[in-house]
Amino acid sequence: MSFSVEDDGVGARLRADVAQRADALWEVALALHEDPEYAFAEHRAAARLTGELDKAGFVVEHGVAGMSTAFTARSGRGRPAVALLLEYDALPGLGHACGHNLIAAAGLGAALALRSVLGETAGCVLAVGTPAEEGGGGKVLEAQAGVFDDVDAALMFHPGVYSWTRAPLTAQVQYRVAFHGRAAHPTGNPAEGIDALAALIELFNVLTSLGRRLPEASHIQGIITKGGTATNIVPEYAEGRFGLRAATNSALDALVAQVRAAADGVALATGTRVEVERATLRYDHFNDSDVLSERFAAHLAHAGIDLTPPRPGIQLGSSDIGNVSTRVPAIHPFVAITDEGSDHTPEFASAAASPRARSVLVASAGALACTAADVLMDASLRQRAWARHGGEGENENGGEGENRGR
């Protein structure tokens, strides 16, 4: 028989605990917002969050997975276990234009409420500090280090311009493509030159043609990072960086193979030598736990916020939560803090410090706490979540060497 924390008053107590902490949580969110820090350098944010968790009695471990700004904070031990994911990196030049200040504060509030209401008898609550979602992939490194190996669910929410039960997040990776040619004077001995920049530009042309017939959600975006040193020298070296996205991990593998084939073909046609190498960790596509997402939506409805399924055809980007979702049941619902524009804009950064953002923070922290309590207290829910947990399960590194970055 299915159980819900709403049935015996636990949910109401968790929401009441979060409500009592509302001012303190908002203070944390605003402090992060006013002091943005970037990938793998979020030292003050991590110190503030771990300080709150340590003060509440959590056992804090710093420097998790080899990252100085990653942490875990544990209350209780063993199984069942639930992880609350805290993001706190900002966007260079834009600050918290993705609302990670709210994600961190909501995860913090949920963790504190769970320890306060349930104590340590219901299982293990793990607050996981996850650096560099915007530019590095802290969750990828944590997943590889085994942080989620003994966890039954991983929970977080994300502020947005939609209120959706789940996140249609694609698989994503970046590649460096470099062409080697031969320098020459463009008028003195042009026939001796092999133009590496011309080869790179030709690759852009080929990939533009390829892009016209890619499946939905597949995408290639490239930039030239090195294109020569002077106009009176035929470029002997040119380099580009290409971001690749696809709906699933296997679709991304297929896209990578197409890009490699295109680069090889251009090199053959132009007489250049080409290097193609992965430049970032790969973000897997997000595999939503519908069982747990439905619970979160039901709990959030108590705050008057209704979530709907995502609108078909809209892709909202990629995130390293995908790599967690291949290992354990996970949720990543969106909750709107504004109804206009998009994240990664100055306007969204302002919205992340607005009165509406405060209301969403408190409501989402309560819903996260209730969902986590359901996972800890309901064995049948855990069984159903694991039974429905699936996805393609490919290696998150695509079988290639590791590089930090995004």
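Which residues in α8 meet which residues in α11? I opened the predicted model to look this up.

**Entry: α8 and α11**

On the α8 side I found Leu292, Arg295, Phe296, His299 and Leu300. Their partners in α11 are Ala363, Ser364, Ala367, Leu368, Cys370, Thr371, Asp374 and Val375. I sorted this contact by class: 8 nonpolar, 3 polar and 2 charged residues.

Next I looked up the geometry. Helix α8 covers residues 290-300, and helix α11 covers residues 355-377. The two pack at an angle of about 135°, and their axes are 8 Å apart. That angle makes α8 oblique to α11. I also noted the handedness: α8 passes α11 in a right-handed crossing.

**Entry: α4**

I moved to helix α4, residues 100-118. This helix has 19 residues and reaches 27 Å from its first C-alpha to its last. That is close to the 27 Å expected at 1.5 Å a residue. Just after α4, I noted Gly119 with a positive phi of about 70°.

**Entry: α2**

Helix α2 runs over residues 22-34 and has 13 residues. From first C-alpha to last, α2 reaches 18 Å, close to the 18 Å expected at 1.5 Å a residue. I listed its buried residues: Ala22, Leu25, Trp26, Val28, Ala29, Ala31, Leu32 and His33. What do they pack against? I found α1 (10-20), α3 (43-55), α4, α10 (346-351) and α11.

How values were computed: Residues are numbered from 1 along each chain as its sequence is written. This is a predicted model: local features need pLDDT of at least 70, side-chain atom pairs count only at pLDDT 80 or more; totals for chains, interfaces and linings use all residues. Side-chain values use heavy atoms; hydrogens and water are left out. Axes are lines fitted to C-alpha atoms, for helices over the stretch in contact, and angles run from 0 to 180 degrees between N-to-C directions. Helices (H or I, at least four residues) and strands (E, at least two) are DSSP runs, numbered from the N terminus. Angles under 35 degrees count as roughly parallel, over 145 as roughly antiparallel, 65 to 115 as roughly perpendicular and the rest as oblique. A crossing is left-handed if the near helix is turned anticlockwise from the far one by less than a right angle, and right-handed if clockwise. Contact means heavy atoms within 4.5 Å. Ala, Val, Leu, Ile, Met, Phe, Trp, Tyr, Cys and Pro count as nonpolar, Asp, Glu, Lys and Arg as charged, and the others, Gly among them, as polar. The expected span of a helix is 1.5 Å times one less than its number of residues. Buried means under 20% relative accessible area, exposed over 50%, partly exposed in between (1.4 Å probe, protein chains only).
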